[in-house]
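Hi,

Here's the model I said I'd pass on.

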Amino acid sequence: MDLHILEHRVRVLSLARRGLWLYTHPLLKLLFLPQRCRCKFFSLTETPEDYTIMLDEEGFKELPPSEFMQVADSTWLVLSVVSNGREPSGCQATGVTKIARSVIAPLAEHHVSVLMLSTYQTDFILVRERDLPVVIHTLAGEFDIYKEESGERVPVTCDDVSNGFLKPKPAATPTLHPVQSPQTRFCVLTVAPDTLPAIATMLIDVLFYSHSPPREAGAGSQDLDSITFFAFSLIEGYISIVMDAETQKRFPSDLLLTSSTGELWRMVRIGGQPLGFGEFGRRGHVPPAVPPPPILPLLGGECFWGDALPVYPRGSATGATAHPGRSPFPSPDECGIVAQIAEPLAAADISAYYISTFNFDHALVPEEGIAEVIQLLQQRQESGR
């Protein structure tokens with residue numbers, strides 16, 4: 001298999017729901033007129049707490065700074081696995097499950113933070129630009145690695161990135177995080193770019209005018225019988241949309257494309273407290289003693305178990321600084337969370353899409369397999385005690 005390091009240099013930010021009005025014009029431009037801003041990587045995910053936006057530097061120039069926008073200070077690079085017709089051995093599942101053993105687990109073992117963005121077409125792994133040497137050294141034995149430069153794919157070897165490899169890391173301290181599943185059913189869809197104008201009015205309505213009341217990104221703040229979640233990505237000309245089954249009914253059925261089976265997906269939401277960025281966020285320094293967050297009851301949703309899942313922090317050793325407005329809650333690094341979900345699903349050959357957001361993470365699994373997923377994650381939790 002090949003691992004491609006794409007040209008995109010991505011920024012990750014949180015946009016407060018109450019500040020959406022200030023960004024309507026630039027977001028419409030990014031959604032429907034990307035050629036006007038030369039943005040080639042754009043993702044917008046709505047959750048009950050906020051909007052998470054991942055976009056390249058050209059797109060980032062379109063967004064004015066304000067009190068409503070929080071930006072992660074790291075620049076992220078985008079990785080993509082290309083199988084060249086060869087699937088990972090023994091794996092029939094789709095989504096992040098395909099790369100759990102070959103990418104997610106090794107990066108977790110080497111303390112590399114990752115963000116995941118699954119789309120209808122493929123899965124993108126985002127890593128900090130400064131972690132690229134570790135990524136290449138870690139994955140060179142499994143992949144032929146190429147870096148895109150001016151549209152060309154250039155082979156990369158370990159000798160090309162010798163500086164900065166394997167920085168010392170602190171010992172991991174187990175941290176507990178609730179895992180929850182609302183009852184909402186989701187669809188993973190695509191639409192042909194030339195038909196996007198035909199659903200533009202409905203997309204604008206869903207994204208900008210069909211809001212639930214803003215909610216704070218904190219524990220116990222929402223009823224998980226249903227959940228607000230809508231994800232739109234436009235990456236290198238390919239469109240991917242995740243929406244709930246009720247919202248899908250508002251769109252023309254002949255324009256939204258899905259798998260031939262019309263499969264529905266259930267969500268596994270990771271994190272009882274906001275996972276966040278900064279000194280005490282999942283991608284920053286984690287203090288040696290990390291108190292577990294409170295256990296969240298699920299109101300109408302599925303309660304997997306009466307405890308939370310163990311996650312092992314993979315944060316940087318020193319040098320992280322806190323940022324105003326970011327989560328003050330001690331939390332583990334992102335890659336430990338992704339591995340926690342992806343590895344047991346890979347072992348059971350269960351398909352999963354995974355979408356990281358600024359405050360929480362979300363895995364989508366086939367509706368008919370949600371009971372098995374609950375059992376697998378409960379077993380994982382019990383074995384980690």
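Predicted model: local features only at pLDDT ≥ 70, side-chain atom pairs only at ≥ 80, totals over all residues.

Starting with the cysteines: Cys37 counts as buried, at 4% relative accessibility (buried is under 20% relative accessible area, exposed over 50%, partly exposed in between, with a 1.4 Å probe and protein chains only). Its closest cysteine sulfur is in Cys39, 5.1 Å away, which is too far for a bond. A disulfide here is a pair of cysteine sulfur atoms within 2.5 Å, and by this rule the count comes to zero. Cys187 is buried as well, at 2%.

Residues are numbered from 1 along each chain as its sequence is written, and side-chain values use heavy atoms, with hydrogens and water left out.

Next, a helix pair (helices are DSSP runs of H or I, at least four residues, numbered from the N terminus). The axes of α1 (residues 20–32) and α5 (residues 200–209) come within 12 Å and cross at roughly 150 degrees (lines fitted to C-alpha atoms over the stretch in contact, angles from 0 to 180 degrees between N-to-C directions). Residues making the contact (heavy atoms within 4.5 Å) include Leu27 and Phe32 of α1 and Leu203 and Phe208 of α5.

Last one: Pro344 sits in helix α7 (residues 334–347) and is buried at 10% relative accessibility. Leu376 is 32 residues from Pro344 in sequence, yet 6.5 Å away C-alpha to C-alpha. Leaving out residues up to four places away in sequence, Pro344 touches Ala339, Leu376, Leu377 and Arg380.

Cheers

Terms used: Helix = DSSP H or I, 4+ residues; strand = E, 2+ residues; numbered from the N terminus.
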